[in-house]
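Colleague: Could you walk me through this model, one feature after another? I would like to know how to read each of them.

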Amino acid sequence: MSGSRSSAAPPDDAGTPEIALVLGAGGARGLSHIAVLEAFDELGLKPARISGCSIGAIVGAAYAAGLSGRELREHVLSVFGDRARALARLLDARIGKLTDLVRGLGNPVLIDGERLLDLFWPEAVPDRFEELAIPFTAVAADYHRHAEVLVNDGPLTPAVAASLAIPGLVRPIALGGRVLIDGGAIDPLPYRALLARGRVVVAVDVSAPTSATSDTRIPGAMEAIVGASQILTRTLVQRMVEQQPPDILIRAGTDGIGGLDFFKAKAILAAAEPIKDEVKRGLERALSNAG
């Protein structure tokens, strides 16, 4: 454990609860997590621990590295504001080839998640969990054992790449003797293990709600893959919250945003602004009640 983790201390003698922040899965809608981080920063609060799944793991790890919400906002707008450069990076992260499809050898659009993170993460994100400023856990799923896997030490990039490895889109990761895929397949909002006396758990759900409109459009192949993942995510989160809700549940994410709509980053972040006040009220209320 590095010295930089000392700021993430357990509740003090005065009974102040620690805050655990959980960032859920949800594709591009998960860029809304950044507004939640900005609310923490504006209150002058830091979570004692962070847990993230899929897009929540990407954003959560960067915040745990010490980047501010504002810095993450600027980075995301810079990356996705340059469409040509972003697409070039995506092509560079692709391990499949069109010739593979013709020869029946594989998926021509399959992405290497580790390479993707190296291309899109801010440079300040370190290589290992132990170098993070805040303890962080990435949630993935064991493909063969059908079990949730919590990774919180060792190399950071493969763990987060595993957490976002949507089958058919991002290549599974072999890590610690397991084959890992998208954590959203089992626990898209991984807050339940963190619920405890003396702790306030803030869980941010960015799963896509059911469409209120009647749409007969047939989705494309990639859209269908991500869309099916979104349906699973929403269903699992709803059941979890009904059974045992977190201390503070924040519903974020813009309606009408697809899982791959990262080039709508500016609109997603703008629509997430009202979430800040909700986060602040929830935290202030929880901390006041604890005091």
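Modeller: Gladly, and let us begin with contact, which here means heavy atoms within 4.5 Å. Leaving aside neighbours within four places in sequence, Val202 is in contact with Ile19, Ala20, Leu21, Val22, Phe40, Ile248, Ile250 and Leu283. Keep in mind that this is a predicted model, where local features need pLDDT of at least 70 and side-chain atom pairs count only at pLDDT 80 or more, while totals for chains, interfaces and linings use all residues. Residues are numbered from 1 along each chain as its sequence is written, and side-chain values use heavy atoms, with hydrogens and water left out.

Colleague: Which residues touch the most other members of the largest nonpolar core?

Modeller: The general idea is a set of buried Ala, Val, Leu, Ile, Met, Phe, Trp, Tyr and Cys residues joined through side-chain atoms within 4.5 Å. Buried means under 20% relative accessible area, exposed over 50%, and partly exposed in between, with a 1.4 Å probe and protein chains only. Here the largest core has 71 residues, and Leu21, Phe40, Phe136, Leu156, Val160 and Val202 touch the most other members. Its largest share, seven residues, comes from helix α2 (residues 55-64). A second, separate core has ten residues, including Leu194, Val201, Ala203 and Met240.

Colleague: How many residues of α2 are buried?

Modeller: Helices (H or I, at least four residues) and strands (E, at least two) are DSSP runs, numbered from the N terminus. In α2, nine of the ten residues are buried, among them Ile55, Val59 and Tyr63. The cover includes β1 (18-23), α1 (33-43), β2 (49-53), α3 (69-81), β3 (136-142) and α7 (156-163). Just after α2, Gly66 takes a positive phi of about 110°.

Colleague: Which side chain of opposite charge is nearest to Asp182?

Modeller: Lys and Arg count as positive and Asp and Glu as negative, whereas His and the chain ends are not counted. A salt bridge is a side-chain nitrogen of Lys or Arg within 4 Å of a carboxyl oxygen of Asp or Glu. Asp182, in strand β6 (residues 178-182), is buried yet has no salt bridge; the nearest side chain of opposite charge is Arg29, 14 Å away. The residues in contact with Asp182, leaving aside those within four places in sequence, include Cys53, Ser54, Ser163 and Ser229.

Colleague: How many aromatic pairs does the structure hold?

Modeller: A pair of aromatic rings is described by the distance of the centres and the angle of the planes. Rings of Phe, Tyr and Trp (its six-membered ring) pair if their centres lie within 6.5 Å; planes under 30 degrees apart count as stacked, over 60 as edge-to-face and the rest as tilted. The structure holds four such pairs. Phe80 and Phe120 are stacked, at 5.8 Å centre to centre with 10° between the planes. Phe80 lies in α3 and Phe120 in α6 (residues 113-120), so this pair ties together parts that are 40 residues apart in sequence. Phe129 and Phe136 are also stacked, at 6.0 Å and 15°, and both residues are buried.

Colleague: Which residues form one aromatic cluster?

Modeller: Phe80, Phe120, Phe262 and Phe263 do. For charges over rings, the test is NZ of Lys or CZ of Arg within 6 Å of the ring centre and within 35 degrees of the ring normal. The charged end of Arg83 sits over the ring of Phe263, 4.3 Å from its centre, and Arg89 lies over the face of Phe120, at 5.8 Å from the ring centre.
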